[in-house]
Amino acid sequence: MGKVKKSPWVLHYDGSSCNGCDIEVLACLTPVYDAERFGIINTGDPLQADIFLITGGINTQNKAVVEQLYDQMPRPKVVVAVGTCACTGGIFKECYNILGGADTTVPVDIYVPGCAARPQAIIDGLIQAIELFQKRSDKHDKIERRHKEEEERKAHDKVSGK
Amino acid sequence: MGISVFLILFPLCCAPVMYLITNDRLRAYVTYVAVGIIAAASVALTAQWAMNGAVPVMLYEETEAADHVILVAELLLMVLVTYLCFKHKKYWISILSIVPTLLIARQELSGAKPMTLCHIYIDHLSILMCLIVGIVGSLIVVYAVGYMYGYHMHRKDVRDNRRYFYMLLFVFLGAMFGFVLSESLLWIDFFWEVTSVCSFLLIGYTKEPEAINNSFRALWMNLLGGVALAAGILYFARSMNCVSFHKLIEFAQMGEVPATIAVTLIAFAALTKAAQLPFSTWLMGAMVAPTPSSALLHSATMVKAGIYVLFRLAPAMGETATGNVVVFIGGFTFFMASIMAISQSDGKKVLAFSTISNLGLMTACAGVGAHETVWAGIFLMMFHAVSKSLLFQDVGATENATGSRDIEDMHGLLYRLPMLGFYMFIGIAAMFLAPFGMLISKWSALKAAVDRNNILLVMFITYGSATTGFYWTKWMGKIISRSHETGERMKKDVTQKNEKFSLTVHAVMMIALCVLMPWLSGHFVDPLLVEMFGKFTNVLPGMILVMMVLIMCIVLAIPIPAYIYAKNQKTNYKLNYMSGINTGKNNGFVDSFGEEKKLWLTNYYFDRLIQPDKMMVYCQLLTAAVLAVMVSFVLGGVLV
Amino acid sequence: MSIKAVISVIMYILLAPVAGGLMEGLDRKLSARMQGRIGPPILQPFYDLRKLMNKQVISVSVLQSSLLLCYLALMIFTGAIFFAGSDILMCLFVLTTASTFMYFAAVVTSSPYNTIASSRELIQIMTYEPAVLMAGVGFYLVAGTFSVAKIASSSTVMLTRMPGLFASFVLILLIKMRKSPFDVSTSHHAHQELVMGVKTEMGAQNLAIFTITEWYENAFLMGIVALFVVTSNPLSFVGAALLCAAVFFFLVLADNACARVKWGQMLKMTWLFTFFASGVNLLILMLIR
C-alpha cells in the first residue's frame, strides 16, 4: 500500500497542562527544529489529523472532549502523550479534578516523558508515531482496520437509528 | 385572428362571473376552466399566427364603436379612482387621474381623426408577452385558488373577500392582453390605466392601514407615469396627427422632434411601471398583498408592461440622450437594488429587490437600443417571468406550511419540505447560475455594453452581478444546510394540490426554457429582432451553447451518481467539528459553565453597513435629479 | 474544436494537477526558506494527497462529497474552456458557478466554523468577481474577441495595453489562491481563528478532492496570467513563464509578509482598487479603440 508516513498531520490538544509542554510543541515548528521537514503539519482539525498529540493530564471536564476528538479522527490514527502529566498525570495526579494521564481516556501508543518534554524528545516521539502510523496503514493491519471500521459504522448506525 | 380579441374580452367577462359566484368550490372549478381557456387561447393564437407565416398581423382598422366603449370605460375608471381618493382623503392623487383622462377625452371628442395603422397588432414581441401573461399568469391564478384558501385559514383578521380578489386577477389578465396587443396609443393608454388601478386595488386587498398606504403610493407613482404617457401621446397626436405606436417609433428613428419627445415621455412612464429608481418603492410596498398578487405584479404582468414598452421603444432610443438616461437609471437600479437585497432576510423582500434589480438590467438593455442587448433583455424577461413566479409561489407555500417566510427559518428546507425546497433551489439557480439562461443573457449584455463603449454599464454589470450572486447564493446555502432541528421531513405539508401543480409546471418550464434556449433564440428571438431592427447578426456563438449543454450535463449528471456513490460507499459519518464540545449531536454544545446550548446559525446581512431605507432615499434623490434633467431637456426641446 | 484544442485540453486535464501540486510544494518550500526553515520536500503535497486517499472514508453529511465532486468537475470544465481556446468571459462565469458549488459543499454541513468561513468565502467571491470580469472585458477590448485562442495568437502583448487590469487581477489572485492578507475564508497555514476555514469538515478523501480542485484552479489562474503576455511569437511563452514565476513569487512574498485583514477591509480595498485601476484602464481602452 501507499506510503503514508511522509505526511503525518498532528492534532495538538492541551489537556490541563501548565503550558510548558505546549510551548515546546510549538518550538518544534520553529526554524531551529522545523518539524515540517518530515511533512508534519500542526493542523487544528481532528477530521484531517493522523496523530493525536496530547499534553497535560485529563480532567473531568475535558474527558468528553478528548474522547470526541479521538473519535472524529479517521483511521489509521496514533496517539502520542507528551510530557509527564499526559503520561501519568504528573504532579497534578492527586488533584480533585484530574483523572490521570491521557491513557485514562484514549488508547495512547507513544509516551514522551519530560517536564517539560524537550523538543528533541517530542520529535523523536513523533518519528516513532510515524512508523506506527505507517504500520497501521499497511496491508496486514488493514484487514483488522476494516473490521474495526465496520463495527464502528454499525455502532453509529444503531445510534442514529437507521 | 379573432382569438386576440377573445383573449382581451374573455378574462374581462370572467371577472364579474367570479364576483357573482359565492360558492368557493364552484368558483374554484370555474376558475380552472377559465384559466385553462385563457392559456389554451394564448397558445392557439400563437399557433394560428405561426401557421400564417409568423408575420406581423394588423387587425381592426376601423373601431369607432370600440373607441367609444373605451372612452366611457376610461371615464368610469377616473370616477372610481377619484371616489377612492376622496374616500381615503388623498385628494391630490385624483388630479393625476382626472387631468390626463379629460385631456385624452377631449382629444377623442374633438373630432380629429389622427392616423392609425390598426388597433391590434400581433408580432413576435406581443406573442411573447401573450404567452407569458397567458401561461404564467394563468398558473398564478390556479395557485391563488389554493393559496387564498390557506391564507384565510391563518389570517383570520383579514376579511375573506376572495370573489373580489379573483375578479381583480381576471381584470388584470384582460388588461394585460389588451395592453400588449394594442397598437393604437389611445388604447394602450386605457389599458395602462386599468393595470395601474388593478394593482392599486390588489395591493390594498387586506384593507390594513399599511396596505392602504402602500396601495396609494403605488397608485400615485403609476398615475404619474400615466400622466407622462398621456402627455407624450397627446403631444405626438397634436403635432404629427398620428396615434400609431409603430409610426411613433419610425418617426423617432427618423429624428422627428415631436416623436423623440413623445418617446422620452413614454420611456419615463415605462420607468415608473417597471419600478425603476426613483419609483422602486411602490413595488416594495406591494409586498403587503397576498402572495399571488405579488407574483402577478412581479413576474407575469404589471412590471413587465413597463419592460415591454421599453423594448418597443428600444430602436428609437439607441444612442440618444433618452437612451443614455434610461441605461443609467437601469444600470444604477440593477446595482443598488442588489446591494439592498443583501440586507434583507424576509424572503419576499429579497425577491422584491431582486425583481427591481433584474428589471434594471432589462431596462438598461432596452436603453442601449442595440439588437444584441435587446436579445439579452428578451431572454432575461422570459427567464425572469418564470423563475420569479416560481419563487414567489414557493415562498408563499412555504409560509403557509411553516408559518414564516424569513430566510433564516428556511434552514434545511430541502430536508423538511423536500419538494418546496427543491423547487426553490431550481428557481434561485435559474436566476444567476450557469447553465441557466440568465447567465447567458448577462454575458451577452456585457458584450454588447462593451461593443457600445458604455463603460458605465460595464461597471454596473460587473459589480452588480457580484452582489447579485451574493444574496442568491447565501439563500441557496440556507436551503441545503442540514437542519438545526431534527432535520426530519415535516409531517404535514399543507401545500394544496393546485399549488403543487402550478409549482411543478413552473419548474418544468424553467428547465425546458434552458434546454430550448438555442431553438428559441434561432426561431423566435432572432426574427423578433429582425422585425424590430430590420437587421440581425447572430448574437450567440454556437460554442457557447455547446458549453451550456456540457455544463448542464455536469450539473445534472455529477451530483446524482455522486450522491448514490456516496450513499453506498462505506462511509463513516462523523460529528461536526466544534472544538470537541458538541454533545453527541450537531445542533448543540456545552458551554463553559457546563450548560447545554443550542446551536443556531445565521447568514451575513451587513445590516449595519447597508441600510436600505437611508440608501433608498439617496438613490431616489440622485435618480430623480437625473430624470429631472432629462425631462427638462425635453421641455426645452418643446420650447425651442 | 481543432485537434490542437483537444490536445491542450487533455494536457490540461492530465498536467494541471501536477503543475498545481508542484506549485504548492514550491510555495511551501519558498515560504519555509523565507522564514529561515528547511521546509518539506517539493513533492510534499503529493505525499499528503496519497495519504489522504489511504485513510478511512469519512464525511459529515451525505451531500458533502457529491457537491465537492461537482466543484471538481466544474473547475476542470472551467479550465477546459480556457485551454480549448474558447470564450474567456463565459469561462469566468463558469468559474463563479464552480466557486458557488464550493460554497455549497461547505455550508451543507451546518457546522459553525464552516458556516462562518463559507460566508466569508461568499464575500470573497463577491470581492473578486468585478476584477475577474473586467479582465475578461479588457482582453476583448484589446484583441477584439473573447476567444482565448485568438487572444493568445494576437500580435500585441496584452500587458502593455492593460496594466491596470493586470494589477487588479494579481490583487485578486491573493484572494483566489488564499494568500495573506486576503485569506479570510481559509488559508494553507494551520491554526487560524476559523480552524481550517471552509475545509474544516473535510477529512480524508473529501479533502483530497478539494486539494486537487484547488490545484486545477491555480493552474488555470496561472494560465490567465500567462495570457497577458502570450502572443503569436513563440518566444512570448518564455516571457509568460517568467511573468508567472514573478507573480507566483509576489504571492508567496505577500503571504509571508502580510497579516490577515478583516473581510470588510478586503472588500473595500479590492473594490476600490479594481474600480480605479481596472475602470480607468477600461475607459482608456474604450477611448483609444
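User: When are two residues in contact, and what share of the contacts in chain B between residues at least 6 apart in sequence join residues at least 24 apart?

Analyst: Two residues are in contact if their C-beta atoms, placed from the backbone, lie within 7 Å. This is a predicted model, in which local features need pLDDT of at least 70, side-chain atom pairs count only at pLDDT 80 or more, and totals for chains, interfaces and linings use all residues. Residues are numbered from 1 along each chain as its sequence is written, with chains lettered from A and ligands numbered from 1 in the order in which they are written. Among contacts in chain B between residues at least 6 apart in sequence, the share joining residues at least 24 apart is 80%.

User: What radius of gyration does chain B have?

Analyst: The radius is taken over C-alpha atoms, and the globule rule is 2.2 Å times the number of residues to the power 0.38. Because chain B has 640 residues, a compact globule would have a radius near 26 Å. Chain B agrees with this, at 25 Å.

User: Which element gives the most to the side of chain B that touches chain C?

Analyst: In all, 50 residues of chain B are in contact with 54 residues of chain C. Elements giving two or more residues to this side include α19 (437-451), α20 (455-480) and α22 (542-557) of chain B; helices (H or I, at least four residues) and strands (E, at least two) are DSSP runs, numbered from the N terminus. With 14 residues, the element that gives the most is α20(B).
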